Amino acid sequence: ATLHGSFVLDTLERTKAAAGAFRISFDRVLACAPSSTHVFFRIMEARHGVTLLDQEGDDLGGRMRHTFDQLFARGYRQICLVGTDVPSLPLTHYRDAFAALPRHDLVLGPANDGGYYLIGMTRPHPSLFENIPWSTDQVLALTQQKAAAEGLKTALLPRWNDVDTLEDLQALIEDCLADKKRPKKERVYSTRTAGTLELLAKRLRERRA
């Protein structure tokens, strides 16, 4: 739970940094579960100036579709959803996603496990979230198939790792350790997330012992 909270903060900080670095103007919305009334999300709203939405739906697809529907209904015409489990996602990926949207119907950020860490659209495409076996290695391929069947023009961002399994967590810990060897100005991970990962690494070693 502590790591997830740190990931949310990472996402808010990095999206703000991307907006500043590349002079992109966009609103930031936090889709919350179990409820936007949770004190953590209220603090994020107050401190980071984000809008809060409740996640609603029977599965991940339903929740993403609902978020898109809510935002399109509010008048937005270029929307990117990004997972919070990509704490080292380069800022250029946010820039490239928004740069691609005016020329494409769909933007996808492929995850190395066969899913996607980002999806962007310029109008609703509900079929992209239906009959998908979420949390499997088929998610990206099936989404692309559905997009092709609808004749959508799709742009792909570079692949990146998200965090779904214990193995993913271990890989993240190792990457963070390597990151700490870089000069401070070149480090990717926040001090907060690095500290949480160090604590989890210690607990994993103790569990194995």
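A salt bridge, as the term is used here, is a side-chain nitrogen of Lys or Arg within 4 Å of a carboxyl oxygen of Asp or Glu. Good morning, colleagues. The model before you is predicted: local features need pLDDT of at least 70, side-chain atom pairs count only at pLDDT 80 or more, and totals for chains, interfaces and linings use all residues. Residues are numbered from 1 along each chain as its sequence is written, and side-chain values use heavy atoms, with hydrogens and water left out.

I begin with the charged pairs. In one of them, Arg 42 pairs with Glu 45, and the closest N and O atoms are 3.3 Å apart. Where do Arg 42 and Glu 45 sit relative to each other in helix H2? They are three residues apart in H2, residues 39–48, and therefore separated by about one helical turn. An α-helix has 3.6 residues a turn, so residues three or four places apart point the same way. Helices here are DSSP runs of H or I with at least four residues, strands are runs of E with at least two, and both are numbered from the N terminus.

For accessibility, buried means under 20% relative accessible area, exposed means over 50%, and partly exposed lies in between, with a 1.4 Å probe and protein chains only. Arg 42 is partly exposed at 38%, and Glu 45 is partly exposed at 31%.

Another salt bridge joins Arg 95 to Asp 96, with the closest N and O atoms 2.9 Å apart. Arg 95 has a relative accessibility of 33% and counts as partly exposed; Asp 96, at 28%, is also partly exposed.

Next, Glu 198 forms a salt bridge with Lys 180, the closest N and O atoms being 2.4 Å apart. This pair links distant parts of the chain: Glu 198 lies in helix H7, whereas Lys 180 lies in the loop between helix H6 (166–179) and H7, 18 residues apart. Glu 198 is partly exposed at 37%, and Lys 180 is partly exposed at 39%. A network of salt bridges links Asp 10, Glu 13 and Arg 192.

Helix H7 spans residues 191–208 and holds Arg 205. Arg 205 counts as exposed because its relative accessibility is 52%. Together with Lys 202, Arg 203, Arg 207 and Arg 208, Arg 205 forms a positive surface patch. Patches are made of residues with over 30% relative accessible area and no salt bridge, like charges being joined within 9 Å and nonpolar side chains (Val, Leu, Ile, Met, Phe, Trp, Tyr) within 5 Å.

I turn now to helix H5, residues 139–149. Which residues of H5 are buried? They are Val 139, Leu 140, Thr 143 and Ala 147. These residues lie on the same side of H5 because they cover an arc of only 90 degrees around the axis, the arc being that of the directions from the helix axis to the C-beta atoms. The face of H5 turned away from its buried side carries the exposed residues Gln 145, Ala 148 and Ala 149.

Finally, two pairs of positions along the chain. Asp 59, in the loop between strand E2 (51–54) and helix H3 (60–73), is partly exposed at 33%. Leu 81, in strand E3 (residues 79–82), is buried at 16%. The C-alpha atoms of Leu 81 and Thr 154, 73 residues apart along the chain, are separated by 15 Å. Thank you for your attention.

Notes: Areas by Shrake-Rupley, 256 points an atom, 1.4 Å probe, with all protein chains shown as cover. Lys, Arg positive; Asp, Glu negative; His and termini not counted. Charge placed at Lys NZ, Arg CZ, Asp CG, Glu CD.
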